[in-house]
Amino acid sequence: MSVDAPDSSLDIRVLPRLIGISAGGMYMQPVRAAEHSKRRFVALDGLRGVAALMVVAYHIGIFLKFPSGMTVHGNIAVDFFLCLSGFVLAFAHERRLREGGGELARFLVSRVVRLWPSVLAGSVVAVLVALGMAGGPGASSAYRAFALSLVVLPRLEGQNLVWFNGVYWSLFAEILVNLLWAISVKALGNRRLIAIAFILSVAITWIAIDHNSVHFFYQSVDMIVPTTVRALASFCMGVVVYRIYEARRVKADVAPVILVAALLFPMIVPGVSWFGIPLSLFYILCANPMIVLLGALGQREQSRVLTWLGNISFPLYATHLPVVMLLSRLVAGQPLAERLIAAVGIVGAALIVAEVVRRYVEKPALAYLGARLLVPRRAVSVG
């Protein structure tokens with residue numbers, strides 16, 4: 001189903017409404033509950049899949065040792081995921097979380113149900129690859145790492161955080177910011193949300209300059225705070241986008257191909273060191289939120305391609321890295337042309353594994369766990 005466009009055009013009054021100083025009170029007028037239950041953001045589905053492919057390309061570039069600059073900015077897609085998560089979760093859950101009545105527990109269970117099937121699949125693929133690769137960890141070590149991976153935790157080696165499946169640091173970040181948002185959402189009026197977004201923007205800019213990078217992750221104990229700030233900044237921007245969307249003051253209909261091009265732009269920018277930080281900050285604080293907003297506002301009919309990209313995005317993200325690591329070893333040291341051809345095959349293999357996981361693991365697991373853990377809300381009887 002396509003997204004209904006807001007009724008009015010861009011209005012300067014959206015800013016005072018956003019920061020909560022209009023006569024309407026602290027929060028903007030919400031979209032009707034019935035609209036929340038039936039709406040699907042088709043363009044955002046496609047963008048989520050494209051972002052997953054960007055991460056795949058980024059890791060292929062690392063393991064196939066592509067020349068400096070090729071796919072170097074693909075990790076910006078992780079920040080896009082977090083921004084998109086902020087928008088989607090606020091759209092789906094914010095109104096109910098404000099109501100209370102056990103909704104916080106229900107929200108947390110829903111996140112476990114949504115994430116864990118692909119987490120399980122990614123951990124299984126990782127342990128199979130680890131056991132099959134020459135020079136990989138021993139069986140006992142691999143199984144201990146596998147157990148931690150199932151609950152999205154790293155091994156602690158001195159001051160280093162070692163992730164069995166390297167992309168799971170971002171899933172840990174996702175879970176952490178989801179929890180922080182859910183327990184604080186009742187206190188997040190528009191003015192307070194804007195203040196927090198501003199503070200996080202300043203903080204991520206200062207940290208980026210201090211570390212000469214934005215793309216740090218949970219790789220060591222001293223990176224916990226900077227990485228959490230990075231995740232919170234993108235997620236918070238997504239929640240701000242949701243509040244703007246709910247104001248229903250902006251009207252736009254941008255073709256998905258333009259949004260895809262905007263999202264992919266960092267992939268074609270050379271890896272110039274002085275340009276990396278400004279580009280990354282621009283995407284985290286400006287471009288990613290704008291792409292999410294325009295994707296949500298666009299009126300799109302159902303598209304099998306866009307829907308499939310959205311459906312496969314999380315299985316692809318969770319399982320691709322072990323596949324990339326394994327297959328990259330087969331063409332290590334080959335000429336660049338052969339490695340580029342191999343990269344296409346590796347993407348295809350990662351997509352096949354992800355589709356198998358989607359069909360035979362994620363889909364049935366979501367149905368099974370959802371039916372047993374997500375108890376329908378009881379209707380309130382009158383009289």
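This is a short tour of the structure, stop by stop, with something to select at each one.

**Start with the whole chain**

Keep in mind that the model is predicted. Show the protein as a cartoon. It has 13 helices and 2 strands. Of the 383 residues, 51% count as buried. Next, consider how the chain meets itself. Take the contacts between residues at least 6 apart in sequence: 82% of them join residues at least 24 apart.

**Stop 1: helix 6**

Select residues 139-150. This is helix 6, with 12 residues. From its first C-alpha to its last it reaches 16 Å, close to the 16 Å expected at 1.5 Å a residue.

Which residues of helix 6 are buried? Colour Ala142, Ala145, Phe146, Ser149 and Leu150. Now turn the view until you look down the axis of helix 6. The buried residues fall within an arc of 140°, so they line one face of the helix.

What covers these buried residues? The cover includes helix 5 (103-132), strand 1 (155-157) and helix 7 (168-184).

Before leaving, click on Val152, which follows helix 6. The phi of Val152 is positive, near 55°.

**Stop 2: the second largest pocket**

Select Tyr58, His59, Gly166, Trp169 and Phe217. Among the 19 residues that line the second largest pocket, these lie nearest its centre. The volume of this pocket is about 390 Å³.

Which helix gives the most to the lining of this pocket? Helix 3 does, with 5 residues. Show helix 3 (42-63) together with helix 12 (304-328): each supplies at least two residues of the lining.

**Stop 3: helix 9**

Select residues 224-247 to show helix 9. Two of its residues deserve a click.

Start with Thr228, which lies in helix 9. Is Thr228 buried or exposed? Its relative accessible area is 13%; buried means under 20%, so Thr228 is buried. Now show side chains. Those of Thr228 and Tyr218 are joined by a polar contact of 2.7 Å. Leave aside the neighbours of Thr228 within four places in sequence, and Thr228 is in contact with Leu176 and Tyr218.

Move along to Glu246, also in helix 9. Glu246 counts as buried, at 3% relative accessibility. Glu246 and Phe91 are 155 residues apart in sequence. In space, their C-alpha atoms are 8.5 Å apart.

**Stop 4: Glu355 in helix 13**

Select residues 336-373. This is helix 13, and Glu355 is in it. Glu355 is buried, with a relative accessible area of 14%.

Which side chains make polar contacts with the side chain of Glu355? One is that of Arg359, at 2.6 Å. Another is that of Arg358, at 2.9 Å. Show both arginines and draw the distances.

Now look beyond the residues up to four places away in sequence. Glu355 touches Trp308 and Ile312. Finish by selecting Ser313. Along the chain, Glu355 and Ser313 are 42 residues apart. Their C-alpha atoms are separated by 9.5 Å.

Technical notes
Residues are numbered from 1 along each chain as its sequence is written. This is a predicted model: local features need pLDDT of at least 70, side-chain atom pairs count only at pLDDT 80 or more; totals for chains, interfaces and linings use all residues. Side-chain values use heavy atoms; hydrogens and water are left out. Helices (H or I, at least four residues) and strands (E, at least two) are DSSP runs, numbered from the N terminus. Buried means under 20% relative accessible area, exposed over 50%, partly exposed in between (1.4 Å probe, protein chains only). A polar contact is a pair of N or O atoms within 3.5 Å; within protein, one must be able to donate a hydrogen and the other to accept it, and residues adjacent in sequence count only if both atoms are side-chain atoms. Contact means heavy atoms within 4.5 Å. The expected span of a helix is 1.5 Å times one less than its number of residues. The arc is that of the directions from the helix axis to the C-beta atoms. On a 1 Å grid over the protein atoms alone, a cavity is a set of points where a 1.4 Å probe fits but cannot get out, and a pocket is an open set with protein on both sides within 12 Å along at least five of seven lines; lining residues have an atom within 4 Å of a point. Grid points are joined across faces, edges and corners, and a volume is the space filled by probe spheres set on the points.
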